[in-house]
Number of protein chains: 2
Amino acid sequence: MKYNEHFSDMTENYLFAEVADRVARYSKAHPDKKVLKLGIGDVTLPLAPAVIEALHSGVDDMAKAETFKGYGPYEGYDFLREAVQGYYKKAGVELALDEIFISDGAKSDLGNILDIFSENNTVLIPDPVYPVYVDTNVMAGRKVIYASANEANGFLPMPDFHVDADIIYICSPNNPTGAAYTKEQLKVWVDYASKKGAVILYDAAYECFIKDDTLARSIFQIPGARTCAIEFCSLSKIAGFTGTRCGYTVIPMDLKKGGFIANRMWLRRQSTKYNGVPYIVQKGAAAVFTDEGMAQIKANLAVYQKNADTIAKCMDRLGIWYTGGKNSPYIWLKCPGGMGSWEFFDYLLGEVQVVGTPGAGFGKNGEGFFRLTAFGSPATTEEAVERMEKLLRK
Amino acid sequence: MKYNEHFSDMTENYLFAEVADRVARYSKAHPDKKVLKLGIGDVTLPLAPAVIEALHSGVDDMAKAETFKGYGPYEGYDFLREAVQGYYKKAGVELALDEIFISDGAKSDLGNILDIFSENNTVLIPDPVYPVYVDTNVMAGRKVIYASANEANGFLPMPDFHVDADIIYICSPNNPTGAAYTKEQLKVWVDYASKKGAVILYDAAYECFIKDDTLARSIFQIPGARTCAIEFCSLSKIAGFTGTRCGYTVIPMDLKKGGFIANRMWLRRQSTKYNGVPYIVQKGAAAVFTDEGMAQIKANLAVYQKNADTIAKCMDRLGIWYTGGKNSPYIWLKCPGGMGSWEFFDYLLGEVQVVGTPGAGFGKNGEGFFRLTAFGSPATTEEAVERMEKLLRK
């Protein structure tokens with residue numbers, strides 16, 4: 001038996017392990033110092049009451065023979081797919097029910113979708129980026145090329161029509177940079193993909209943070225996207241589902257070539273390698289899209305948005321260049337004084353005990369940049385900002 | 001962009017759709033006739049009270065900031081892995097905690113595990129078989145060869161040492177045949193795999209139905225298996241989790257070659273393409289392995305076991321050859337009078353309105369055989385058996 005040799009080509013990403021390690025060493029040496037974490041990429045607020053109630057009701061259904069649920073539909077229950085369909089409709093996007101697939105999260109689907117594409121495709125990925133785009137493709141032996149995201153383009157690279165690509169990853173609002181494409185910018189990407197016969201894998205996991213109407217909440221708000229794009233979204237950030245696991249993937253019926261229909265291939269892939277999301281979780285997820293649930297999760301989101309605003313305003317006052325913060329939970333800042341990412345990490349930790357994430361960990365273009373996140377508590381965020389401002393104003 | 005051309009090589013399996021279609025047509029033509037279904041492969045009894053209580057408690061944890069859970073460990077929470085470890089210990093199998101991976105079910109892992117193996121491997125699969133073993137490999141373009149399961153070998157094929165294979169699938173107790181290997185028989189498979197440098201993917205989803213101690217409940221009860229086998233198991237059948245989704249996969253640290261360690265590759269695969277099982281579901285799953293939970297699920301299992309016994313005894317009285325029924329929820333019978341699988345299906349449906357599953361749908365060796373299952377209610381099972389006995393005794 002032969003193992004998959006491509007695993008040797010995957011580089012271990014020690015970013016968060018190294019962060020944890022440096023913090024642990026610092027705390028051990030300075031047990032009296034209170035460390036404030038603004039590096040966290042996970043939600044911290046509990047699930048909304050409407051979701052909790054629906055989850056309990058789902059559990060109760062499983063306790064009685066009359067309402068017990070065995071195997072569910074591979075693509076998710078209609079009650080949840082209809083809720084997602086309604087959510088898109090509010091954003092002006094009309095979807096057929098069978099274009100919506102419920103899953104256990106955007107990360108799983110972003111990796112597993114590659115099953116329907118040949119290994120013989122060139123993959124275009126922005127740098128810096130969420131590491132799993134690269135890893136899932138290297139694992140399968142695909143050729144990866146990069147689109148340079150940098151200060152000059154505001155970390156929003158535009159397509160180079162001289163470069164050929166088959167599979168294109170776009171994450172907007174972006175992790176880690178927080179930068180978000182306007183609808184006009186995305187239209188250029190859709191035109192590029194259409195011209196190249198490429199597919200865009202659009203990661204919309206942070207769409208709920210968008211307040212500015214000129215920015216796209218879904219790639220399907222862009223004319224032409226139905227023939228060249230797949231969208232991945234998740235309840236992780238909008239509703240705090242990182243530990244509850246539910247997301248959805250939209251594959252328009254118009255995405256096809258030769259005899260291949262992407263939507264039907266994905267259904268075949270899922271029915272062969274997957275058995276759907278727990279009924280209980282789907283019940284909870286559906287509550288997110290009710291009026292009551294939406295009002296509650298918006299209150300939670302407002303807490304994170306206020307944290308982001310607190311950090312962004314501090315950067316404004318300090319005159320530090322950054323992306324994100326306004327339509328994203330991430331603030332991606334240029335390390336002051338020309339410091340390197342890890343140098344700035346050590347400086348912030350050592351001087352004011354604030355922890356963020358070195359941008360260099362997200363790709364070579366991340367060097368010299370630093371990510372702060374809005375998922376901490378308001379108190380932690382405010383204290384951290386106060387400390388940073390005092391230090392960096394000097 | 002190029003689609004994965006191997007999808008064209010996957011044959012659609014219309015088995016259950018065709019069964020549903022024929023039943024619907026019959027019922028439409030004979031609205032007065034009561035159809036009894038013994039074809040169902042899904043559990044029907046509700047979750048055990050201890051599991052329900054743990055699920056509710058898990059939901060409550062998600063409602064409060066102090067106990068809220070975000071991203072969990074990719075490999076599952078220790079509390080559940082320790083419970084699985086204890087379950088194996090009772091079967092005489094010692095496992096290290098990091099050899100146990102929690103997942104959303106055996107089907108997902110059986111498909112996804114292929115990511116760690118090269119496409120350049122020959123796959124040996126029994127015929128007849130659970131269709132996803134074949135489909136997941138055809139999807140990836142692997143060469144599949146078959147081990148013939150038939151009446152002569154009691155649907156328990158033994159290895160042919162003249163045949164080379166790299167990846168071997170074994171499901172015991174088997175779906176669809178209900179046949180289960182003895183420990184001695186499995187030892188021969190382990191020897192074969194060791195000699196060929198192959199890996200056995202062992203599907204133990206039905207181990208909970210084994211009452212006979214000479215049969216293997218885990219491949220790791222067999223000496224030598226730690227260097228050549230991976231085991232997949234699920235709470236679907238033991239605890240009715242088909243709609244709740246939880247399983248586990250065991251990869252011994254001793255399974256390695258060159259620089260490749262299967263266990264670490266799988267962790268890398270899961271951390272790249274997966275985010276773990278919902279915390280709530282893991283809480284419920286852990287309750288299965290408590291004394292209270294185990295007593296309750298055994299009461300549920302006893303219902304299915306009694307159904308299997310009811311069907312098996314009927315076949316005994318009728319002198320019909322079959323496998324399974326004793327240590328399995330499946331009864332795989334030879335169609336009487338030399339009938340073909342679909343011929344017998346129509347005969348049973350038309351004459352006594354009993355529905356089963358034609359064996360031909362599980363592979364070419366299934367022709368002339370028929371699967372009945374024990375997952376119906378005791379009343380349905382008894383009535384169906386009575387009707388079949390009356391018909392077939394004539």
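This is a predicted model: local features need pLDDT of at least 70, side-chain atom pairs count only at pLDDT 80 or more; totals for chains, interfaces and linings use all residues.
## How the two copies relate

Two copies of a chain are related by a rotation about an axis and a shift along it. Here the rotation that superposes chain B on chain A is 180 degrees. The shift along the axis is 0.0 Å, and the RMSD is 0.0 Å. The two copies are therefore related as by a two-fold rotation axis. Within chain B, His56(B) has the C-alpha nearest that axis, at 3.0 Å.

## The interface

The contact involves 77 residues of chain B and 77 residues of chain A. Of the interface residues of chain B, 100% are also interface residues in chain A, so the copies meet through the same surface.

The size of an interface is often given as the accessible area lost when the parts come together. Between them, chain B and chain A bury about 6600 Å². Carbon and sulfur atoms carry 59% of that area. Three residues stand out on the chain B side: Met1(B), Tyr3(B) and Arg268(B). They supply 14% of the area that chain B buries against chain A, more than any other three residues.

## The seven-stranded sheet of chain B

Strands of a sheet pair through backbone hydrogen bonds, either parallel or antiparallel. One open sheet of chain B has 7 strands with mixed pairing. Their order is β2-β8-β7-β6-β5-β3-β4. In chain B, β2 (100–103) and β4 (143–148) stand at the edges. Each has a single partner strand, so one side of each is left without a neighbour in the sheet. From one strand to the next, the twist averages 20 degrees.

## The four-stranded sheet of chain B

Another open sheet of chain B has 4 strands, in the order β11-β12-β15-β14, with antiparallel pairing. In chain B, β11 (322–324) and β14 (357–358) are the edge strands. Each has a single partner, so one side of each lacks a neighbour in the sheet.

At β14(B), 2 bridges make the link to strand β15 (residues 369–373) of chain B, and the two strands run antiparallel. Pro358(B) stands opposite Phe370(B) in β15(B).

## A helix pair in chain A

Helices α9 (residues 291–318) and α11 (residues 378–393) of chain A have axes that come within 10 Å. These axes cross at roughly 5 degrees. α9(A) and α11(A) are therefore roughly parallel to each other. The contact draws on residues including Val303(A), Ile311(A) and Leu318(A) of α9(A), and Val385(A), Met388(A) and Leu392(A) of α11(A). Its residues divide into 9 nonpolar, 3 polar and 5 charged.

## Backbone features in loops

In chain A, one joins Ser172(A) and Pro173(A), with omega about -10 degrees. Pro173(A) sits in the loop between β5 (167–171) and α6 (183–196) of chain A. In chain B, one joins Asn175(B) and Pro176(B), with omega about 20 degrees. Pro176(B) is in the loop between β5 (167–171) and α6 (183–196) of chain B.

Arg245(A) is not a glycine, yet has a positive phi of about 65 degrees. Arg245(A) lies in the loop between β7 (229–234) and β8 (247–250) of chain A.

Technical notes. Residues are numbered from 1 along each chain as its sequence is written. Chains are lettered from A and ligands numbered from 1 in the order in which they are written. Side-chain values use heavy atoms; hydrogens and water are left out. Copies are superposed by least squares on the C-alpha atoms of residues with pLDDT of at least 70 in both. Contact means heavy atoms within 4.5 Å. Two strands pair if DSSP finds at least two bridges between them. Axes are lines fitted to C-alpha atoms, for helices over the stretch in contact, and angles run from 0 to 180 degrees between N-to-C directions. Angles under 35 degrees count as roughly parallel, over 145 as roughly antiparallel, 65 to 115 as roughly perpendicular and the rest as oblique. Ala, Val, Leu, Ile, Met, Phe, Trp, Tyr, Cys and Pro count as nonpolar, Asp, Glu, Lys and Arg as charged, and the others, Gly among them, as polar. Buried area is the accessible area (1.4 Å probe) that two parts lose on being put together, summed over both.
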